[in-house]
Each structure stands twice: as C-alpha cells, then as structure tokens.
Amino acid sequence: MRLLEIVDLSVSIGNKQVLKNFNLNIGRGETHALFGPNGTGKTTLLNVIAGIPRYTVEGGSIIFKGKDITHMSMDERARLGIGMAFQRPPALRGLKLRDLIKIINPAADAAAILRKMDFETFGDRDVNRGFSGGEVKRSEMVQLLAQQPDFVMLDEPDSGVDLENIKLIGEAINSLTQKDQRPSLRTKSGVIITHFGHILEYMKADRAHVMLNGSIVCSGNPGEILEQIKRSGYEGSVGCQCPV
Amino acid sequence: MSSIEEKALKAPVKKAQYGTDVNLENYESEAKPQGHLENAEDLPIVVKKAALDVGVKLDSEASGAYVQMDQTAVIAKSLYEGVEIMDIASALKKYDYLQDYWWKLVAPDADKYTADVANSEPAGYFIRAKKGMKTVFPVKSCLYLGSSNLNQRVHNIVIAEEGSELHVITGCTTPEHVQRGLHIGVSEFFIQKDARVSFTMVHSWGKEVEVRPRTGITIAEGGSLSNNYILLRPVKTLQTFPTATLAGRGAVASFNTVIYSTMGNIDVGSNVNLNAPETSAESISRVVSVGGEVIARGRMTGRVPGARAHLECVGLLLSDKGRIYSIPELDGQSRDLDMSHEAAVGRISEEELEYLMARGLTSEEATSVIVRGFLDVEIKGLPDDLRQEIKNITQREDLKGAQ
C-alpha cells in the first residue's frame with residue numbers, strides 16, 4: 001500500500017525549474033535512497049514534500065496517506081506524519097534541546113532519546129547552537145525520535161559524522177523506519193539523500209533512485225545502483241544500465 | 001531649608017532629557033497611610049499575588065524583605081544578620097552618616113520627577129550589606145501602587161560595604177484594579193571595595209501607569225554589579241536611564257534589559273562611565289515589540305586607558321504597530337580603549353520558523369517559542385534560585401508574536 005505518491009510534480013524556485021514531471025511512489029514500510037550530483041533537485045524534492053513555502057509547485061500533486069497535501073501548510077503535514085532531518089538546520093537561541101523534545105512530543109522520554117543518541121550532555125544546550133556538523137546530525141535524529149513520523153526524510157544525515165557516530169545514526173534511522181521489526185509489521189517509511197552511501201552499511205534501504213536534472217533516471221537495488229555510480233558515474237546511470 | 005530642598009524647588013517644571021513629559025498635577029500626591037505589618041504572611045492576598053507576578057516570592061527563603069504599599073513601608077525586615085533593612089525615613093533619623101549618601105548619585109534638580117521626590121516625605125528602602133558579609137539569599141522587595149491615580153514616590157539607598165555580597169530583587173507593580181497612576185523611584189547604589197551586588201527589577205504596571213525610575217550607581221575598586229531589568233506587561237509611558245560610574249580599579253558593571261512591549265512609550269537604557277583603569281562594562285538589551293514604541297539606549301564613556309565596554313541592543317519587531325529605536329553610543333576619551341557595540345532590529349528568521357513548523361508546531365506556536373528563546377538572556381552573577389525565577393518570568397506562555 002502506498003504511503004506517498006508523487007505525480008507529475010513540477011517545481012520551480014525563482015525562475016528556475018528544479019523538478020520536471022517528477023514521479024515517485026513509496027510504499028508503507030519502504031525506505032528509499034536518493035543519489036545524484038549536487039544541484040539536481042534532491043533537497044528541493046524533500047523540501048517540497050515537507051512544504052517549505054519558498055518553492056512554487058507549477059503542476060502535479062503530492063499524495064500522502066491518500067490525501068492531497070500539495071498545498072497543505074508545513075505544520076499540518078508534520079502533524080499528518082511527515083518528518084524531516086534537515087541538511088543544515090538553524091540554531092535556536094534560548095531553546096534547550098530537552099525542552100524542544102517536550103514541545104515536539106510531550107509524551108516523549110527525553111532522557112531515553114538523548115541517551116540513545118549518546119547526546120545527554122547536549123540536552124541542556126541551545127538547539128544546534130555551537131554544535132559541530134556531526135552533532136547537528138545527532139540533534140536532528142533526537143528530534144525525529146521524539147516526533148516519530150510515519151514518513152521520515154533524511155537529507156544527508158551522514159555528512160560530517162565520524163565513524164563512531166555514523167553507526168548510531170544508522171541505528172536511529174532503522175528504528176524510525178522500523179527496520180528492527182519484521183517486514184510484515186512495518187508501516188513506517190523513509191527517504192534518504194546520501195552522497196557516499198557509507199551510511200547504507202549501517203541502515204537498510206529497500207530501493208534506490210538516481211536523480212539527474214530534476215528527474216529520476218534509474219531505480220533499483222541500492223547496493224547495485226551505488227556500484228554502478230562508482231563504476232560509471234551518475235551520467236552512466238541514465239536509463240538504468242544496471243540489472244534492475 | 002536644606003540645599004536639597006532649595007535645588008528641588010527650582011526644578012518643579014524641569015522636563016526630563018528623555019521620555020514623554022508627564023503632568024504631575026494629573027496625579028494625587030496624598031496617599032492614605034497603611035498599617036505596619038510584622039510578617040509577609042499578613043499582607044493582603046491581592047498584594048501577595050501581585051508580588052508573585054513580579055517574581056517576588058515573599059514566603060520563600062530570603063535575607064530580608066521590604067514591602068511598600070503606596071507611601072507606607074508596611075514591612076521592612078532583615079532575616080540575616082549580614083544585611084540591614086529599614087524604611088528610609090527611619091534610617092535617615094537613625095544614621096547621620098546617611099546624609100553623605102542621600103541625593104549624592106541622583107541630583108534632586110535633575111528633572112521635575114527627582115524634584116518631586118525631594119519635596120516629598122521620604123519613603124523607600126535602606127539596604128546595607130555589612131562589611132565582608134555574604135549571602136546568596138536575596139533581599140525581596142515589593143513596591144506596590146495600590147491606589148488609583150496616585151503619584152507614588154520612592155527613594156531607596158543601597159550600600160554594599162567592603163567585601164560583601166548582596167542580591168536584591170524588587171518587583172514594582174499594581175493590582176489589576178489599578179490601571180492609572182504614576183511611579184517615581186529614585187535609587188542610589190553605593191557598591192564599595194570588592195563588594196558584589198546583583199539587582200533585579202521586575203515591573204508589571206497597568207495600562208495607564210506612567211513610570212520614571214531615576215537610578216545612580218557608583219562602584220569602587222574591585223566591586224561588581226549585575227543589574228537586570230524586566231518589563232513584560234503593558235505600561236503607558238516609562239523612561240529610565242540608570243547611570244553607573246566605575247570609580248575604582250577593576251570595577252565591573254553588567255546591565256541586562258528584557259522588554260516585551262505591547263503598547264505605550266518605553267524609553268530605557270543604561271549609561272556607564274568607565275573612569276578607572278581595568279574597568280569593564282557590558283549592556284545587553286533584548287526588546288520584542290508587538291506594538292508600542294521602545295527606545296533602547298546604551299551609552300558607554302571610556303575615560304581611561306584599558307577600559308573595556310560592550311553594548312548589545314537587539315530587537316524583534318513583530319508588528320506594524322510597533323517601533324524599536326535602538327541607540328547605542330560609545331564615547332571614547334582615552335587611548336587604548338576597547339569599546340564595541342552591536343545593534344540589530346529585525347524579524348523572526350523564516351528558517352527558524354519553518355524548522356519548528358516541520359516538527360509540527362503551528363506558526364503561532366513556533367513564533368512564541370522563538371520569542372521566549374530570544375527573551376531568555378543568560379544572566380551571569382545570579383544565585384540559581386533567582387536565575388530560575390527570572391527564567392520563569394521570561395518564559396511565560398502569553399509572550400508571543402503579534403495578535
């Protein structure tokens with residue numbers, strides 16, 4: 001059963017078209033990986049699904065849980081079950097991470113979540129303020145673990161993260177996407193943007209796509225697609241020369 | 001006639017340098033006397049409630065308490081041997097030496113408000129931290145304007161003797177049924193050698209109340225002051241520009257101002273003279289306006305080499321009905337100074353708003369969270385309880401973006 005359907009979506013920012021007749025379906029319990037060079041529209045896609053208002057949707061639709069959310073506000077989408085780990089989130093002065101966890105989800109066990117991400121000492125610090133690149137990524141995971149979205153979008157959750165913590169982040173993603181449960185029980189889904197695919201050694205992705213110039217040019221098994229990109233580059237993936 | 005009265009009589013119509021002009025004749029100058037009380041528990045509930053609203057918990061641990069209702073000191077009581085607390089009229093009678101402090105940092109003829117206080121019967125507190133005596137428990141004081149249309153005049157003297165540590169929290173407030181009035185408060189602070197003082201003032205007035213505090217501070221060698229001013233409730237007009245002189249080597253002053261304006265005309269700031277070597281001063285103001293005009297001033301004057309000063313005036317303007325006018329001034333009068341300022345008036349960052357909305361907060365909820373974070377100034381030099389009290393006040397749920 002489909003959780004997210006993107007149908008013929010065209011998106012521009014300013015005068016520049018970023019996505020053109022874009023189509024993607026993600027089923028319940030599935031996690032997809034997105035590969036592609038910089039500037040190809042991966043982050044735009046996630047931002048548009050999240051509902052960040054800077055973008056103009058020129059055509060097509062985004063259907064989530066059977067509802068057309070194309071023009072829904074960001075917070076409505078979040079409350080409907082969409083969550084996002086930002087690539088470069090802002091710092092929030094005067095707001096402690098522990099307090100934000102409680103704001104996001106009053107029922108969340110802040111201490112347990114912080115412990116899970118080995119982040120206890122950051123609970124009493126202002127959200128993302130003075131955090132290193134890797135710490136920002138753990139802060140994002142902490143917030144998502146509180147939010148428990150049905151569909152989680154991860155924009156380069158592994159960039160700037162050291163080897164020790166990449167495992168923690170991978171485990172958090174597996175937990176958010178229920179990869180720690182039997183496949184038949186999984187209802188949560190995700191999509192991840194990653195450049196090097198290293199994180200995929202620590203988390204499970206079911207399917208991968210290569211994006212070029214605002215469209216998907218190849219879809220298939222994540223491991224095989226990654227191999228192909230390593231072998232022949234993104235351009236060499238056009239039309240899926242790999243066995244699908 | 002004393003020279004103070006002579007001076008004051010010459011200034012009854014002298015307008016203040018800043019702020020809108022108040023016609024003193026619009027307010028009653030005679031207040032009904034109140035009875036004296038032994039304990040804070042005996043205060044009327046309405047007073048206790050108003051005090052709580054400005055962070056003055058009279059029933060929790062303190063080194064002393066002072067409560068003034070209109071013109072009467074109803075409670076003036078020390079709870080710690082290191083701190084002496086009296087009403088100022090009694091103190092002036094008891095200690096001749098107070099004449100060396102009385103009207104020495106604020107001029108009686110500075111403007112018509114100081115003149116008006118000088119021409120009235122003294123009412124206010126006298127707080128003295130004795131030499132070398134230190135306590136983290138604050139002196140709690142409440143200046144309560146309980147009669148409608150009254151001109152409440154207060155004159156306080158605070159002396160922190162050599163090596164002492166003193167914390168004072170003063171809440172100035174009106175009950176809900178008093179919307180109209182005038183409060184003039186003259187305060188003179190003498191911080192002697194190596195003494196450490198924090199003074200936190202929380203104001204909560206009615207919509208038709210006018211307020212004119214007049215504060216002078218002198219800090220001797222090695223002394224320090226953390227001065228914190230918080231105004232989050234509506235007021236008609238308010239103008240204050242406390243002046244601190246760092247008179248001895250190594251003296252330190254830090255001013256923190258937190259304003260949430262919904263209406264009226266608020267003109268606040270601090271003025272610091274760095275007159276001695278190795279002195280340093282910092283002034284941080286955070287202003288949110290969802291309506292009303294706020295003028296945030298800061299002036300630092302460096303007169304000796306090696307003095308260091310920093311000013312920070314940051315404003316969030318959240319409505320077309322508001323105005324934030326930030327005026328940082330640095331006056332260097334010597335070589336080898338290190339003085340700087342940063343000022344910004346702006347809006348809430350879209351990026352921060354979107355970030356919180358992506359977590360499910362509505363635009364209004366996200367704005368409130370950001371506003372409260374903005375007002376959460378990290379104040380140094382305060383005991384934990386007092387810091388928590390200030391945090392509780394600045395984190396109230398009703399502080400939000402434009403309605």
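## Chain A

Chain A contains seven helices and ten strands; helices (H or I, at least four residues) and strands (E, at least two) are DSSP runs, numbered from the N terminus. This is a predicted model, in which local features need pLDDT of at least 70 and side-chain atom pairs count only at pLDDT 80 or more, while totals for chains, interfaces and linings use all residues. Residues are numbered from 1 along each chain as its sequence is written, and chains are lettered from A and ligands numbered from 1 in the order in which they are written.

The C-alpha trace of chain A spans about 50 × 35 × 35 Å along its principal axes.

Of the 244 residues in chain A, 46% are buried (20 or more other C-beta atoms within 10 Å of the residue's own, with C-beta atoms placed from the backbone). Among contacts in chain A between residues at least 6 apart in sequence, 66% join residues at least 24 apart; a contact requires C-beta atoms, placed from the backbone, within 7 Å.

## Chain B

Chain B has seven helices and 20 strands. Its C-alpha trace spans about 65 × 55 × 45 Å along the principal axes. For 403 residues a compact globule would have a radius of gyration near 22 Å, and the 20 Å of chain B agrees.

In chain B, buried residues account for 58% of the 403 residues. Contacts between residues at least 6 apart in the sequence of chain B join residues at least 24 apart in 83% of cases.

## Where the chains meet

Contact between the chains involves 18 residues of chain A and 17 residues of chain B. On the side of chain A that touches chain B, at least two residues each come from helix H2 (74-80), helix H3 (97-104) and helix H5 (133-147) of chain A. H2(A) gives the most, with four residues.

This side of chain A comprises twelve nonpolar, three polar and three charged residues. Here Ala, Val, Leu, Ile, Met, Phe, Trp, Tyr, Cys and Pro count as nonpolar, Asp, Glu, Lys and Arg as charged, and the others, Gly among them, as polar.

## The largest nonpolar core

The largest nonpolar core holds 196 residues, and Val142(A), Val67(B) and Ile191(B) touch the most other members. Such a core is a set of buried Ala, Val, Leu, Ile, Met, Phe, Trp, Tyr and Cys residues joined through C-beta atoms within 7 Å.

Leaving aside residues up to four places away in sequence, Val67(B) touches Ala40(B), Leu43(B), Val74(B), Ile75(B), Cys142(B) and Tyr144(B).

Key:
A residue is buried if 20 or more other C-beta atoms lie within 10 Å of its own, exposed if 12 or fewer, and partly exposed in between; C-beta atoms are placed from the backbone. Two residues are in contact if their C-beta atoms, placed from the backbone, lie within 7 Å. The radius of gyration is taken over C-alpha atoms; the globule rule is 2.2 Å times the number of residues to the power 0.38.
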